Amino acid sequence: MKILVTAKRVVDYNVNIRVLADQSGVDLNNVKMSVNPFDEIAIEEAVRLKEAGKAEEVIVVSVGVSQCQEQLRTALALGADRGILVETDEALQPLGIAKALKAVIDKEAPGLIITGKQAIDGDNSQTGQMLAALAGLAQATFASEIDLGEDSATVTREIDGGLETITVKLPAIVTTDLRLNEPRYASLPNIMKAKKKPIDIFTPADLGVDVSPRVKTLKVEPPAERAAGIKVESVEVLVDKLRNEAKVIS
Amino acid sequence: MALDSDTLQQLLDTLTRFVNERLRPLESKTAADDRIPQEVVEEMKALGLFGLTIPEAYGGLGLNMQEEAAVARVFGRTSPAFRSAFGTNVGIGSQSLVIDGTEDQKQFYLPKMATGEIVGSFCLSEPEAGSDAASVRTTAVKDGDDYLINGTKRYITNAPWADLFTVFARTDASVKGARGVSAFLVDRKTPGVSLGVPYRKMGQQGAPVCDVIFEDVRVPAEKLLGGAENVGFITAMKVLDKGRLHISAISVGVAERLIEDATKYAIERKQFNQPIAEFQLVQAMLADSQTEMYAAACMVEETARRRDAGEAVNALAASCKLFATEMVGRVADRAVQIFGGAGYIEDYGIERFYRDVRLFRIYEGTSQIQQTVIAKDMIKRFS
Ligand SMILES: Cc1cc2nc3c(=O)[nH]c(=O)nc-3n(C[C@H](O)[C@H](O)[C@H](O)COP(=O)(O)OP(=O)(O)OC[C@H]3O[C@@H](n4cnc5c(N)ncnc54)[C@H](O)[C@@H]3O)c2cc1C
Ligand SMILES: Cc1cc2nc3c(=O)[nH]c(=O)nc-3n(C[C@H](O)[C@H](O)[C@H](O)COP(=O)(O)OP(=O)(O)OC[C@H]3O[C@@H](n4cnc5c(N)ncnc54)[C@H](O)[C@@H]3O)c2cc1C
């Protein structure tokens, strides 16, 4: 079986995000970019399934700018066999990405598709679900355990207040939660070998899909800074302030 | 082979993450236990760290000097003891073989050193032969097809868990100096090899050091490094040339770590109603540290580049080691000062680095020995 996994290029989780002065977006200039951590978990899971003999090939896909090849190389160093870049300079939104991924699924016919449950840039948590709808495949989101069988997968999902275990028919879309696994560090020899693994590049037009944005970003603002707290003299003053300044009680 | 910049960056990013996420949280535990957790050593092996400088043909990564220095600098961002675990396999414990070993010797040892299955140590120093390394008293006397080795080696890094010793011994008793010394590859399990009790040291807890004692140790002639007698000291000097650049690069890394810690602390810490970073006297300490670190970094990069280009860099490497190791000593001292009382207290880890970096000015040639190397080169050039 082939497993398809995703590797979105996002700002590294250690970076302090800064909003551009014109409020059109966040500053990506000279900022360290990495593989979306949830995608790293997806890659790790696929590589483990391959190591356990349950899959023959792991294909990693990224949708975005040419530099996404860096993230594909990271995935190849972690153990994926080959990469596919759907190259576009469009502002990417979940629907556009899902359409591109659907086209790759049509080409590759994987038995299992694993994506992150969300990317740490937009935190949308939509791509996996939209992909399942577009491809007409079963979905198991927020996975914390995957038991892969011949024609089905049993997936434990993290849901509000507990865990849910479901069985889905293959091919299926699984999205990863944090506790699915702990990704390895790529070994240095594998980082060097990754350079020799193939990456195929397509444009959305090659795949016959339109990834142009459907949602317009009006303005991006940083979260409001927390103001310093104050000490109050008495309970009466506190209640007064809660009622008349903060207006959280009446 | 030089790596392309993308691949090198990936390698450094991965190691930076390993240092930040795995090693830094274990700094104080490793110091307290005087031992690196075994699972961390295994992770280092899996990462390929033991084979950084072993040629690709023997299963290593074959990094050149610039790449090795860049990696060493990353590992300077945490306790130097961690680096020491694979440091001998990258440096003094393997390079004699890489540089001057016979093909059979390389085939036999290097692939296992690259994976960390074999840990190598470098046995040059002796109780009576430290800075004057050419005066080694350990003897290797020909006996039929074998050699019989006798002597004591002092302060040998990683000896407590090493499998292979590169031993420098006198094969020609009629020559007192460098020209009578040969190098031998001695397995730890060879009868007659024994270890002293690990020393308790000023710093770098977790990087073990002990004496290695050789009593009538019989080694076959094929264990003579490179198959040639009386050229061992030349091998040792080639190895140390490279090692000096490596230590210079770690010194730069530790300085960067301390500068970052001290600057962040100075921004947070308030006295007289303002961050101490606002005081110009504190700023002077920060700025001097930053400037000296940058100077050392440039020296290391330039010398590494010239070495990779095939130049003889003996005196330049000595300049790097002299400046970089003295520099990190000053930076560590200022870091303690900027932390004030906290700098002297164990919990903050600053005093630990202060003790750790003291070693860099002593081993692989003291600062005074570097000065004599530099001056001798100058005198040779101008006379
Ligand atoms: C933790 C640790 C790990 C070590 N690991 C190893 C190892 O793995 N392998 C190994 O072979 N050795 C190792 N060594 C030994 C180390 O290389 C020596 O300690 C070092 O070379 C200094 O030698 P010494 O201690 O005998 O000091 P000495 O040579 O006695 O020096 C004492 C002082 O005299 C000065 N001095 C000596 N000669 C001169 C001169 N000609 N001109 C001016 N000043 C001079 C020195 O600079 C120093 O200040 C290690 C040492 C330590 C502490
Ligand atoms: C082992 C030990 C024993 C001690 N024993 C005692 C004791 O018995 N009794 C007691 O009362 N205290 C004691 N102390 C506390 C000691 O006196 C303080 O640590 C010391 O005065 C420095 O204060 P600090 O640690 O708060 O550093 P800070 O005052 O925070 O200083 C941090 C850095 O900022 C610099 N700095 C601060 N202000 C300025 C400025 N205006 N201009 C320029 N630079 C500035 C300092 O020089 C220092 O480099 C002890 C401390 C230690 C470590």
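Q: What confidence does the predictor give the complex, and what does chain B average?

A: This is a predicted model, and pLDDT expresses the predictor's confidence in each residue. Chain B averages a pLDDT of 96, with 100% of the residues scoring at least 70. For the complex, the predictor gives an ipTM of 0.85 and a pTM of 0.91.

Q: Which residues come nearest to ligand 1?

A: A residue joins a shell when its C-beta atom lies within 6 Å of the molecule. Around ligand 1 there are 19 residues, and S125(B), G130(B), S131(B), T366(B) and Q368(B) come nearest. Strand 1 (120–123), strand 3 (146–157) and helix 13 (367–382) of chain B each give two or more residues to this shell. By class, the shell has 10 nonpolar, 8 polar and 1 charged residues.

Q: Which element gives the most to the shell around ligand 2?

A: Helix 11 of chain B does, with 3 residues. At least two residues each come from helix 9 (280–308), helix 10 (314–339) and helix 11 (341–344) of chain B. The shell holds 14 residues, of which the closest are I276(B), F279(B), L281(B), G340(B) and G341(B). The shell divides into 9 nonpolar, 4 polar and 1 charged.

Q: How many residues does the contact take from chain A and from chain B?

A: Two residues are in contact if their C-beta atoms lie within 7 Å. The contact takes 12 residues from chain A and 11 residues from chain B. On the side of chain A, helix 2 (68–78) and helix 5 (188–194) each give two or more residues. The residues of that side divide into 7 nonpolar, 2 polar and 3 charged.

Q: Why is helix 2 of chain A described as largely enclosed by the rest of the structure?

A: A residue is buried if 20 or more other C-beta atoms lie within 10 Å of its own. In helix 2 of chain A, 9 of the 11 residues are buried, so the helix is largely enclosed. Among the buried residues are C68(A), R73(A) and L78(A). Just after this helix, G79(A) takes a positive phi of about 130 degrees.

Q: Is V373(B) buried or exposed?

A: V373(B), in helix 13 of chain B, counts as buried because it has 22 C-beta neighbours inside 10 Å. Leaving aside neighbours within four places in sequence, V373(B) is in contact with N314(B), A315(B) and A318(B). V373(B) and N314(B) are 59 residues apart along the chain, yet their C-alpha atoms are separated by 8.1 Å.

Conventions. Residues numbered from 1 in each chain as written. Chains lettered and ligands numbered in written order. Predicted model: local features only at pLDDT ≥ 70, side-chain atom pairs only at ≥ 80, totals over all residues. pLDDT = per-residue confidence, 0-100. Helix = DSSP H or I, 4+ residues; strand = E, 2+ residues; numbered from the N terminus. Nonpolar A, V, L, I, M, F, W, Y, C, P; charged D, E, K, R; others polar. Buried ≥ 20, exposed ≤ 12 C-beta atoms within 10 Å, placed from the backbone.
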